[in-house]
Amino acid sequence: MANHPLISYVEEARGRGMSNKQIIDALTSAGWQTHDLTNIFLEHIEVSREPAIPESADSIVTVRNVSKIYNKTIKALDNVSLEVKRGSVTALLGPNGAGKTTLVRILTTLLTLEHGTARVAGFDIVRDAQELRSVIGLAGQYAAVDETLTGRENLEMVGRLYHLSVPTSRQRADELLHQFNLDEASDRVLKTYSGGMRRRLDLAASLVIRPQILFLDEPTTGLDPRGRFALWHVIRELVKDGTTVLLTTQYLEEADQLAHKIFVIDHGHIIAQGTADELKKQVGGDVLELHIADHGLIDETVRLITPFGSEAPRVDEDTNIITMPVSGGASILIDAVRELDSANIKINDIVLRRPSLDDVFMALTGHSAE
Ligand SMILES: Nc1ncnc2c1ncn2[C@@H]1O[C@H](COP(=O)(O)OP(=O)(O)OP(=O)(O)O)[C@@H](O)[C@H]1O
Ligand SMILES: [Mg+2]
């Protein structure tokens, strides 16, 4: 049969997780005529045999084998699969350049999905992109609000863009300004807002349509601790009201505070997943961090404290800071101080702290998150 190679191509492309639409697009751009393709699909291939994405009943996001290559060279996502449970907070945790924004942009239809499949809120993100946009909210890494408009005008404009009536847009803007503690600033132009206020307004703008799922790309980066706490509180309230949240962050602490489930991403790969506690267990408990005064004594210090650690110490040569995963609580701290004191090693600072993203990274990959 003349069209045999085409049929094998389609079967093979489906095996790789491509949808009918993606296959047709690929073939059209390779020069095939639409009517040929339609005939093939109708005569020889069951159109209903879309690759079924195994999706559990309570998941609102299902990502399967998604890859993204920029400019044919930069592999920003490499075969990413993940699920988000309805009503939960899920964090995508990773350092700069890990691929977090790329995934968020794909799932919110701002970037075309080329490899793999994904469903959000029951919609196929490629085939049903239009419908999907009306049930999701996005607060991107860089605020999408208009500097020259007031807070209220920004929110009303979003309402109008989503085809809400003028009175409904106004009412929704009022509700949100109140909810986000921006009543007083509501008639000021955004240029006069602080970073924290801007973030809150951006979040409010993503909620105008009461989304089922909210995507937050690094919602608290650049905020001071107070602003960060305030935003965490807002996010928790939204989740209490039934909104599902998928957020990205560079901070293990933030994921720890907010997320039920964490996916750790590095160079486009999901390298670990679990709860914050499960991830921290990979580090082996707490981290002993000490700063010694004399650079020349680093090797001796490392030798003396190694027996107290659950893994080998790591030395930052620039800062003279030694970190080491430990399990055994505060007594380790006291033992380490005694040992160093009896060897006359002067300590500038010593703390026992919870693991950071960097410690988790070190444990998982053997290299730091930088
Ligand atoms: N439009 C683009 N064109 C080319 N390369 C891109 C583009 N956008 C992102 N990249 C590259 O893809 C990779 C992933 O970028 P992405 O923005 O998704 O990372 P990220 O995890 O959001 O990082 P950050 O924490 O810095 O926001 C990086 O190597 C980045 O340089
Ligand atoms: Mg980003």
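Me: In which strand does Ser 59 lie?

Reply: In this predicted model, Ser 59 belongs to strand E1, which covers residues 59-70.

Me: Why is Ser 59 called partly exposed?

Reply: There are 18 other C-beta atoms within 10 Å of Ser 59.

Me: What makes strand E7 largely enclosed by the rest of the structure?

Reply: The cut-off for a buried residue is 20 or more other C-beta atoms within 10 Å. Five of the five residues of E7, residues 213-217, are buried, so the strand is largely enclosed.

Me: How do you know that both faces of E7 are covered?

Reply: Ile 213, Phe 215 and Asp 217 are buried on one side, and Leu 214 and Leu 216 are buried on the other. In a regular strand, side chains alternate between the two faces of the sheet.

Me: What makes E6 and E8 pairing partners of E7?

Reply: Pairing requires at least two bridges between the strands. Strand E6, residues 136-139, is joined to E7 by four bridges and runs parallel to it. Strand E8, residues 244-249, is also parallel to E7, with five bridges. Both counts meet the requirement, so both strands pair with E7. Within these pairs, Ile 136 has Ile 213 as its bridge partner, while Leu 214 stands opposite Val 245.

Me: Why is the largest nonpolar core said to lie between domain 2 and domain 3?

Reply: This core has 81 residues, of which Ala 91, Leu 93, Leu 107, Val 120 and Ile 262 touch the most other members. Strand E2 gives the most to the core, with five residues. Domain 2 (59-279) and domain 3 (285-354) both contribute residues, so the core lies between them. Leu 93 touches residues including Thr 249, Leu 252, Ile 262 and Leu 357.

Me: Which domains does the assignment give, and how far apart are the centres of domain 1 and domain 2?

Reply: The assignment gives domain 1 (4-44), domain 2 (59-279) and domain 3 (285-354). The centres of domain 1 and domain 2, taken over C-alpha atoms, are separated by 34 Å. Their contact takes four residues from domain 1 and seven residues from domain 2. On the side of domain 1, three of these residues are polar, one is charged and none is nonpolar.

Me: Which residues come nearest to ligand 1, and which elements give two or more residues to its shell?

Reply: Of the 14 residues around ligand 1, Tyr 70, Ala 76, Lys 100, Thr 101 and Thr 102 come nearest. Strand E2 (74-85) and helix H4 (100-107) each give two or more residues to the shell. Helix H4 gives the most, with three residues. By class, the shell has four nonpolar, nine polar and one charged residues.

Me: What are the overall figures for the protein chain?

Reply: The chain has 14 helices and 14 strands, and its C-alpha trace spans about 85 × 65 × 35 Å along the principal axes. Of its 370 residues, 35% are buried.

How values were computed:
Residues are numbered from 1 along each chain as its sequence is written. Chains are lettered from A and ligands numbered from 1 in the order in which they are written. This is a predicted model: local features need pLDDT of at least 70, side-chain atom pairs count only at pLDDT 80 or more; totals for chains, interfaces and linings use all residues. A residue is near a molecule or strand if its C-beta atom, placed from the backbone, lies within 6 Å of it. Ala, Val, Leu, Ile, Met, Phe, Trp, Tyr, Cys and Pro count as nonpolar, Asp, Glu, Lys and Arg as charged, and the others, Gly among them, as polar. A residue is buried if 20 or more other C-beta atoms lie within 10 Å of its own, exposed if 12 or fewer, and partly exposed in between; C-beta atoms are placed from the backbone. A nonpolar core is a set of buried Ala, Val, Leu, Ile, Met, Phe, Trp, Tyr and Cys residues joined through C-beta atoms within 7 Å. Domain bounds come from an automatic or database domain assignment. Two residues are in contact if their C-beta atoms, placed from the backbone, lie within 7 Å. Lists of a residue's contacts leave out its neighbours within four places in sequence.
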